[in-house]
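Please read the following report alongside the sequence and the structure shown here.

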Amino acid sequence: MKPLPLCTGFTDPYALTRRSFLHQFGMGLGGIALADLLTRESHAKALDRGVLGAPHAGAKAKRVIYLFMSGGPSQMDLFDPKPLLNERHGEELPASVRMGQRLTGMSGNQSSLPLAGSPFAFQRHGQCGHPLSERLPHTATVADDLCMVHSMYTEAINHGPAVTMMQTGSQFPGRPAIGAWLSYGLGIENDNLPSYVVLTTKGKGGQPLVGRYWGNGFLPSRHQGVRFRSGKDPVLYLNNPDGIDRASRRKMLDRLNELHALQLEEEADREIEARIEQYELAFRMQRSIPDVMDFSDESASVLNSYGDDVKKPGSFAANCLVARRLAERGVRFIQLYHPGWDQHGGLRGGITNQCRETDQASAALVRDLKNRGMLEDTLVIWGGEFGRTNYCQGKLTAKDFGRDHHPKCYSLWMAGGGVRPGIAYGKTDPFGYNIEENGVHVHDFHATLMHLLGIDHERLTFRYQGRRFRLTDVHGKIIKGILRA
Amino acid sequence: MMPSHPYLPCFRVFLASFCLGCLWAEAAPIDFNRDVRPILSDQCFFCHGPDAADRKADLRLDEREAALDVLSPGKPEESMLLERVHTSDAEDLMPPPATKRELTTDQKAILRQWIAEGAPYDEHWAYRSLEAIPIPKVDDASRVRNPIDAFVQRRLEEREWTLSAEAERERLIRRVTFDLTGLPPTPQEIDTFLADTSSDAYEDLVDRLLRSKRYGERMAAEWMDVARYSDSYGYQVDRDRRVWPWRDWVIQAFNDNLPYDDFITWQLAGDLLPNASREQRLATTFNRLHSQKVEGGSVPEEFRVEYVADRTHTFGTAFLGLTLECSRCHDHKYDPISQKEYYQLFAFFANIDEAGLYSYFTDSVPTPTMELTTPAQEKALSDLTARVRATEVRLASSSPEQIAPLSGEVARHTFDQREGGTFVNAVDDQTPASSNNANTLVPGKEGQAIRLSGDDPVNLKVGNFKRSQPFTVSWWMQTPDVKERAVVWHRSRAWTDAASRGYEVLLDQGRLRWSLIHFWPGNAISVRTVHAIPVNEWVHVSVSHDGSSRADGLRIYLNGREAPVEIYRDHLTRQIKGGGGDTIAIGERFRDRGFTGGLIDTMRVFDRALHPDEIAHLGRGIPLPKAIPVLAEAPLRDLREKRDTLLDQTEEIMIMRETPTPRESYLLSRGAYDARAEPVTATTPAFLPPMDASAPRNRLGLARWLTDPAHPLTARVTVNRYWQLFFGKGLVGTPEDFGSQGSLPTHPELLDWLAYQLIQDGWDLKALVKRMVLSQTYRQRSQATEAHQAKDPENVWLARARRYRLSAEMIRDNALYASGLLVEHIGGPPVKPYEVAASFKPVDHEKGDGLYRRSLYTYWKRTSPAPVMIALNAPKRDVCKVERAMTATPLQAFVYMNDPQAIEAARTLAARLLDAHGDSNATLMDDLFRWMTSRHPRPEEQRILKQMLEEQLSHFRDRPKDAQQYLQTGEAPLPEHLEPTQLAAVTVVANSLLAFDDCVMKR
C-alpha cells in the first residue's frame, strides 16, 4: 500500500493487508494470477496517479477547500464598500454606468432602478487594511491571510448557469467540474477516501443545488464528486445493513475473495483483480469515512473556534471542520456549498443571517489550517457565482430592500496555497457596477487555481467528441498578480 | 475482398493514433484516411482546417488543392510542410510550441512517406456512400457461421489467428438472454436449452427471445440515454413532467419491430406525416426531452435557443454521428461543417410554438402539446365537439331575444376619487378597486384618470371568466409614447413565470394585442390591431370574447368602431383560469413591463360580449337603442363548458407541431442567442448528399434525407450503436463521432456490409440484431489466450468475445428477477423504488409493486437521478449519450452489498430456495449459485460456498438478534415458517453472489 502522508493512522483489525490477502488464498492461485497480483501495485498506481502522474511544475497547493457561497453574496455589503451608493441612495442608476448590460427578467422590466447604499458599516482590518463589513467580525481577524479579488466577472445572470460556469467553465450542463478535472489529472492521494468530496449545508433553503455542479461530465464517472451527507450514510449505502457487523462482512468478503481468486484463475481477467481491490477499498472506507465525520478526537479549543454550530452535523461549521479533516487525510478537492446568498429582498436581515452562519467557521478554518502548518499548501476559496446589483430590485423602502444578480463584478477571497496574503486585486468603479482594473474572468480564476496546483491548464485535456476539452475551454489567463513569489 | 478498398491491403498498422512508436518501421503504402488524416486532423486542422475565420496563414490542409501550397507531391525534401515540422527554429516549428501540440517521430515519418508517395488525399471514409460489399473469402471457414464471421475471421487470419470456439452453453444462454431481454435465463430455461441438441437450438432460443415483450424494454433502456429521457425538466428547479407515454411508445415500437427508418422519421417528424396518427405525433416527444428551464428571471429567448440547439446536437449525435456542437460558435475545426450550416440545420428544429421557460406558477405542459385522450374521452369529446358545432349553426339562424342595453355590467370604475386606497365600483360597492399612491390621479377624459407608475397595479376585484364565458372590457387610455411592450391590463398571475395564463391587453410595438391564454405562445388565441394606437391622445378601447375559444371570437374596438386586426395565435384548447391572479390588474404585472406613464379612465367590465351598438355608444357617444338583440346562447355556453371541462381533464404531452410559417432563424455570432447575424433557412450541410429538390424544407424533409439509402452516415451510425450494445464496443470506437477526429472503424467492410444490409432489409432492426447474435463472433468464448492478452489486450480483433460488466438496469433487474420479486408489466408512470429515498434530493419510496418494477421504469430526476443507477454508470441524461463509460468504483460495492433492494432480493430468493431444498444445503447452494450465474458451481466453489454458509450460520447462531434485524430489511413480508438464523445465513450468501464476478459480468 502507498503510504498515506497525512493519515491519522488508525488500525483496523479487519483490514486486509496485501500480505494476508495473498496468504489467505495463496493455495488457490495459479502462477499467472499470483504474478499478476504481485505486479498489481504498479497497475494500481497508474490508475490512481491520474493522467498527469505528477503536477506539471511548481505546485504551491496540494489541495483545495472551496467554500462555495451559493446565491451570489453581495460584494458591496461584504468586501467592496461603495460610499457613493450611500451618498446617491435612491437616485436612478445612470445609463452611462449600466452601458446596456442585460438584466434578469426579475428587475429588467422595472421602470426605475434606484441605487442603494449598503446598510452595513465598514472598517479596515489587519496590517493590510482590508475593508470588511461589520457583519464579518471573525473574518476580520484573519484579514492578513486573505487575498481579496474584487474584479471577478462572468457572463451568466442566473444561478443555474452561473454556478455551472464557476464549477465547470461552461454555463451549460455536460462539462466536468473543477474537482473532477483534478481527480482526472492528479488522481487519488488517499486510497481510502475519494479524491473529490462535496459537503452541503443541511437544511438551507435558497436556490437548489444540483448534482451537475460536481459531475464528471464526459470524464470517467469515478472522477465525479462524492457528496458526503450528514446523516447515517455519508455516502450511498456506506453502512452495512442492520444485523450485519464488521466481522460478518469480513467473513463474507473473505469467502468472496476466494471465489474471485478462483474466477481469476479461470478467466485470467484483470477486471477481477480490480473487483477484489474495489471491495476491499469499500471495506476500508466503511471505517475511514465515519472516522472523518467523528470529531471526538478534536480538542475543545478547536471545536470552540468553529463556533457552537460545529456540534450540529451538516451545519456549515461542522462541514468546515470535516473539510479540514479530509484535507489532512489527503483529499484533494473539498467543496462546501452554503446556499442562501440570494438577497433579492430583505437584504439586511438576509446577509446578517448568512454571515452569522459562515463568518466564524470560515475564519476558524483558515486559522486552524495555519496552526497546523497546512495553510501553506492548502488553498481556501470563499465566494459565489456572481455579484449583486448596486441598485434595488423592487421597492427601495426606508426599512429594507434587495439586490438583483450582477455578473459584471463580484468579490471572492482566497487564502493559503500559494496566493499572496493581505492583498486586494482588481478594482471596481465608485458605483460598484463595472470593473476598473484587472478583471478576472471565471476562466482566469480556473487557470490560476490549476496553476497553483501545478497544472498547466492548457495541457490538462480530455479528448471527447473529437475535441480536446479543458476546464478553461480555449480561454484563461493566470492571474500573476495574486501569486506569491 | 474488394481490391479497391483502401483498408484491406495492410494491417500491420492499425490506427496510427494508438499503435504509434512500435509499428512504423516497414514502408508499406500509406493510406490517407487511416494514416495521415488522423495526424493532420488532430495536429493541424485546428488552425489549417475547415474553420475559415480562424485559419492561419490562409493555409488549409483539409483539401488537397489548397494544401499543395506546402506540399510537393513525390518530393518530401521540397515540401514546406515537412520543413516546418522538422525545423529546430521554434519560431517556425509546426505545430507551434505554444499550442502544446507536438508531432512524434513516427508521425513525421508517416508524413514524409505520404508525400513521397505523391501525397494523395481521399474522401473521409464515413462520408462515402454505401455500396454492396462482397463477403470475404477465408482460409479456415470452420468457425464461420455467417458473413459477420467471415469479415472478422479474414482479419484474424491476417494475424494468423482464428475465431474462438463457442462459449459454454450456460454462458451462451446467459449472454444472449441478457442481451435480448435484459434479464437472465431461469434454471429451467437453461436446462431446456442444454437438453436441446438440435442444430437449431440456439436460433430457436434467439427467436423466442426476440418475440419476448422484454425485448422492447431492453432496447428501450438504451434509447433512453440517447433520447436524454427524464421524468423531470432538469436544470435547476427540475420539476416533474409527464413524458412516460413516449417511453411506452418506444417499447412498443421495438416490440413491433417498427422499421428503423420509420423509428427515426416518426420521432423526428411524425407530426408532419400525412394524416399523422396519434403514435406518430407522440413519437415526436423525442425532440422535447431536453432540459427545460423555469428559474426566475431567466431570459426566455436564451433558453429557447438552447432547446433548439439541444435538438440539433441530439440529431447530430444520435443519427449522424457528428459533433455538430463544435460548429455552433465557429466553423467546425475538423469536419466540413460551417457555422452557417449548423444554423441551417438548427432552423429545422426551431419551428414550433414554444416558450423558453415553462410555467412556475402553473402545471401547464409547455407547448406544443397533444392531448392523450382515453378512448372514452375521445368519444365524448368528438360528440361534444359535434354538438357545439351544430348548436353554433342552429343559433346563428335563430331569432334573437331583446335585452336592456349595457346589461351584465359587473364593474365600472371612473377613478375620480381614491378613498383609503380604493376606487369605488359604481355597480357593486362590495368590489372596489385598489391601488397605492404611486399611481396618481390626474385630470382625465371624464373627471380624473389614473396615471400609472408601471411598477404598481390597480387591482380590480372582478374578472375570473372561464373561456366559455363571453365578456367585454372597455376603457379610456392614453399612452405617452410608442411602447415596445407594455401591460395595459391583464388577468393572470405573471408573464413567463405563469406562461401568461389568463387574458391580457398589451401594447406591442405600439399596437394593441388582445389574448386569452392557457400557455403562451402555443396554447392561446390572440389578435393584434393592424395599426399602432395614437400617442398622447385619449382612445376608447373595448375588447370582447364571445366564448368560442377561437381567435375570430375576439374583437378589438377603437373609439367605438371595430378595429382591423390580424390573428396572432389561434389555438386555445385548455383553461385560462386556475393559474392565480384571478382578477383584473391594470398597468403592472410580475416581472413584466408595466404601462409606465400611461393614463386609464373609466373602465367597465361586462359578463357578455357587447353588441356593436353598445360599443358605439361607449366609444363615440352614439345614443343607445331601446333594446339589444341577443341570441339565446345559454345552451351553447353549457355545451362549450362541458367540452372545455373534458379537455381540461385530459392528459397532455409535449410534442412537435410545426408552425404555419417557419420561425426566422439566424446565424448566431459566437453562438450567443442575442447576437443575430445573417438570416438562414433550413437546409442540410453541403458535404453530405443534397436533399431531394422536391422534399419539403422541414423536419419531414430532413428525416427523408436522413433515411435515404444514399445517406452515408445514418445506417453506419445505427449498426455501430447496436454492435456496441451487443459486443461492448463499437466497430467505430467513438459512436458519437464519425468525423475526422473520430476513431477509424476496426472492421470497415463489416460496418459497411451491416449498414448496407440493414437498408436492404428495409431497416429491419430485429433482423440486424439476430444476425449479430447468431454470429460466431458473438457466440465465441470470452477467455483470452496468452497470445490474445499479449498482442491484443483490448480485443480489437475479436478473436474472443468481449467481456464487460452488465448495465445498471440489468444488475438491479437480475436481483429482482432471481428473487421472484420482479413485477412485470409493460409501461406506465415511473415508479419510486428504495433508491430514490437515498438520492441527492430524497423522496419517499413507494410501497408495493412500485418497488419491484424493471429499472427502465425507475423515476428519473435529472438533478437527482436514481443513485444506484448512477453508481453503476448510468449517465445523468442531461444530454444525448450514445455510450456508457463503465468504470468500477468502491461505491459500487456498497450498492451490491448494502442496497436494501439487493438485500431484500437476496432474502426473498433465500427463502424460496430454503422452501424448495429444506435441509439439503448442497443442492440449495447449487441452485442459488445457478440463479446468480446461470451455471453450477465447480467443486472448489462448492467448498467455499459451504464454508461461507457455515460461517454465517454459526455467526448468526451466536447473534440471533442480528439475524432478526438483518431480515427486517425491505418491505416484502418475512416468511414466518423459516428459521431466522438459517434464512439470514443463506441471505448473506445470496447477497455475496450478487457481488460476484460471474453475476455482474457478461462473459
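This is a predicted model: local features need pLDDT of at least 70, side-chain atom pairs count only at pLDDT 80 or more; totals for chains, interfaces and linings use all residues.

## The side of chain B that touches chain A

The contact between the two chains draws 80 residues from chain B and 61 residues from chain A. On the chain B side, the elements that each give two or more residues are helix 27 (867-871), helix 28 (890-898), helix 31, helix 32 (960-966), helix 33 and helix 34 (997-1000) of chain B. Helix 31 of chain B supplies the largest share of this side, eight residues.

Sorted by class, the residues of the side of chain B that touches chain A comprise 27 nonpolar, 31 polar and 22 charged.

## Helix 31 against helix 33 in chain B

Helix 31 (residues 939-958) of chain B also packs on helix 33 (residues 980-994) of chain B, with the axes 8 Å apart and at an angle of about 140°. Because of that angle, helix 31 of chain B is oblique to helix 33 of chain B. The crossing of helix 31 of chain B past helix 33 of chain B is right-handed.

From helix 31 of chain B, the contact is made by B:Leu945, B:Met948, B:Leu949, B:Gln952, B:Leu953, B:Phe956 and B:Arg957, while helix 33 of chain B contributes B:Thr981, B:Gln982, B:Ala984, B:Ala985, B:Val986, B:Val988, B:Val989 and B:Ser992.

## Helix 10 against helix 23 in chain B

In another pair, the axes of helix 10 (residues 201-211) of chain B and helix 23 (residues 765-774) of chain B come within 11 Å and cross at roughly 145°, and helix 10 of chain B passes helix 23 of chain B in a right-handed crossing.

B:Glu203, B:Val206 and B:Leu210 form the helix 10 side of this contact, and B:Lys766, B:Val769, B:Lys770, B:Val773 and B:Leu774 form the helix 23 side. By class, the contact of helix 10 of chain B with helix 23 of chain B has five nonpolar and three charged residues, with no polar residues.

## The surroundings of B:Gly502

B:Gly502 belongs to strand 11 (residues 502-508) of chain B, and this glycine counts as buried because 32 C-beta neighbours lie inside 10 Å.

When neighbours within four places in sequence are set aside, B:Gly502 is in contact with B:His490, B:Arg491, B:Ser492, B:Ile517, B:Ile576, B:Gly579 and B:Gly581.

Key
Residues are numbered from 1 along each chain as its sequence is written. Chains are lettered from A and ligands numbered from 1 in the order in which they are written. Axes are lines fitted to C-alpha atoms, for helices over the stretch in contact, and angles run from 0 to 180 degrees between N-to-C directions. Helices (H or I, at least four residues) and strands (E, at least two) are DSSP runs, numbered from the N terminus. Angles under 35 degrees count as roughly parallel, over 145 as roughly antiparallel, 65 to 115 as roughly perpendicular and the rest as oblique. A crossing is left-handed if the near helix is turned anticlockwise from the far one by less than a right angle, and right-handed if clockwise. Two residues are in contact if their C-beta atoms, placed from the backbone, lie within 7 Å. Ala, Val, Leu, Ile, Met, Phe, Trp, Tyr, Cys and Pro count as nonpolar, Asp, Glu, Lys and Arg as charged, and the others, Gly among them, as polar. A residue is buried if 20 or more other C-beta atoms lie within 10 Å of its own, exposed if 12 or fewer, and partly exposed in between; C-beta atoms are placed from the backbone.
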